[in-house]
Amino acid sequence: VGEAMESVAPDDLDALAFHFAEAALDGVADKAVDYAVAAARRLRERSNPEEAIAALTRGLEAIELTEPVDLERRCDLLLELGDIEQWLSAGASVFQELGNRAAGDARSLGSGVRLARAAAIAFYPVVGAPDEQGSALVEEALALLGEDDIDLRVQLLVRLAQYRIESEAVGAD
């Protein structure tokens with residue numbers, strides 16, 4: 001169905017993503033991932049984040065069917081999914097888990113930018129709730145990031161500074 005739709009309705013990214021995801025076991029997992037990402041981006045642009053999450057989740061399921069798993073693509077899917085979940089203000093545990101999973105792939109890839117993006121998703125401190133694991137991830141990401149992405153670097157430094165200030169204030173009480 002997906003292959004037929006490519007020639008008949010190439011702009012129907014949602015349907016293409018769905019049908020290729022359904023056929024991912026039949027050796028079209030790469031196409032399923034490509035269409036899932038394209039559909040999710042379009043859905044996000046159209047302010048439909050819930051459907052974008054569904055598309056990315058299908059893409060993530062499809063990529064898990066490939067051998068070997070493409071760590072770069074899986075990491076990028078996890079990062080996009082985490083960004084949307086965080087933007088929606090979903091439960092912190094949801095996007096923190098996605099960020100931590102992406103961090104594992106980013107470490108394996110040696111990618112400072114991906115690790116920093118993962119840290120920005122995973123490290124979402126709450127006042128009064130210590131998050132030593134999250135702050136350690138941010139420090140690790142900053143060290144690997146170096147001077148590459150200055151905006152991302154500043155974002156992480158600000159979040160880390162806020163966390164340390166709040167931690168000291170809570171500890172002083």
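**View 1. R153 and its neighbours.** R153 touches L142, L145, G146 and E147, leaving aside residues up to four places away in sequence. Contact here means heavy atoms within 4.5 Å. The model is predicted: local features need pLDDT of at least 70, side-chain atom pairs count only at pLDDT 80 or more, and totals for chains, interfaces and linings use all residues. Residues are numbered from 1 along each chain as its sequence is written, and side-chain values use heavy atoms, with hydrogens and water left out. R153 sits in helix α9 (residues 150-172). Helices (H or I, at least four residues) and strands (E, at least two) are DSSP runs, numbered from the N terminus. Is R153 buried or exposed? R153 counts as buried, because its relative accessibility is 18%. Buried means under 20% relative accessible area, exposed means over 50%, and partly exposed lies in between (1.4 Å probe, protein chains only).

**View 2. V113 and its contacts.** V113 belongs to helix α7. V113 touches L145, D148 and L152, not counting residues up to four places away in sequence. V113 counts as partly exposed, at 32% relative accessibility. How far apart are V113 and R153 in sequence and in space? V113 and R153 are 40 residues apart in sequence and 9.2 Å apart in space, C-alpha to C-alpha.

**View 3. Helix α7 against helix α8.** Two packed helices are described by the angle between their axes and the distance between the axes. The axes of α7 and helix α8 (residues 132-145) come within 8 Å and cross at roughly 155 degrees. Axes are lines fitted to C-alpha atoms, for helices over the stretch in contact, and angles run from 0 to 180 degrees between N-to-C directions. α7 and α8 are therefore roughly antiparallel to each other. Angles under 35 degrees count as roughly parallel, over 145 as roughly antiparallel, 65 to 115 as roughly perpendicular, and the rest as oblique. The crossing of α7 and α8 is left-handed. From α7, the contact is made by G112, V113, L115, A116, A119 and A122. From α8, L137, V138, E140, A141, L144 and L145 take part. A crossing is left-handed if the near helix is turned anticlockwise from the far one by less than a right angle, and right-handed if clockwise.

**View 4. Helix α6 against helix α8.** α6 and α8 pack at an angle of about 35 degrees, with their axes 12 Å apart. α6 passes α8 in a left-handed crossing. Which residues make the contact? N100, A103 and R107 of α6 meet Q133, L137 and E140 of α8.

**View 5. The salt bridge between E64 and R101.** The side chains of E64 and R101 meet in a salt bridge, at 4.0 Å, N to O. This pair links distant parts of the chain, 37 residues apart. E64 is in the loop between α4 (49-63) and α5 (71-87), and R101 is in helix α6 (residues 92-109). A salt bridge is a side-chain nitrogen of Lys or Arg within 4 Å of a carboxyl oxygen of Asp or Glu. E64 counts as partly exposed, at 33% relative accessibility. R101 is partly exposed too, with a relative accessible area of 36%.

**View 6. The salt bridge between R74 and D105.** The side chains of R74 and D105 meet in a salt bridge, at 2.7 Å, N to O. R74 in helix α5 and D105 in helix α6 are 31 residues apart, and the pair links distant parts of the chain. Both R74 and D105 are buried.

**View 7. The salt bridge between D83 and R117.** D83 forms a salt bridge with R117, the closest N and O atoms being 3.1 Å apart. D83 lies in helix α5 and R117 in helix α7, 34 residues apart, so this pair too links distant parts of the chain. D83 is partly exposed, with a relative accessible area of 25%. R117 is partly exposed, with a relative accessible area of 28%. Salt bridges that share partners join E64, R74, R101 and D105 into one network. The structure holds 10 salt bridges.

**View 8. The chain and its confidence.** The protein chain has nine helices and zero strands. Buried residues make up 42% of its 173 residues. The chain averages a pLDDT of 82, and 79% of the residues score at least 70. pLDDT is the predictor's confidence in each residue, from 0 to 100. Where is confidence lowest, and where is it highest? Confidence is lowest in helix α1 (residues 2-8), at a mean of 65, and highest in helix α7 (residues 112-122), at 94. Where pLDDT is low, the predicted coordinates should not be read in detail.
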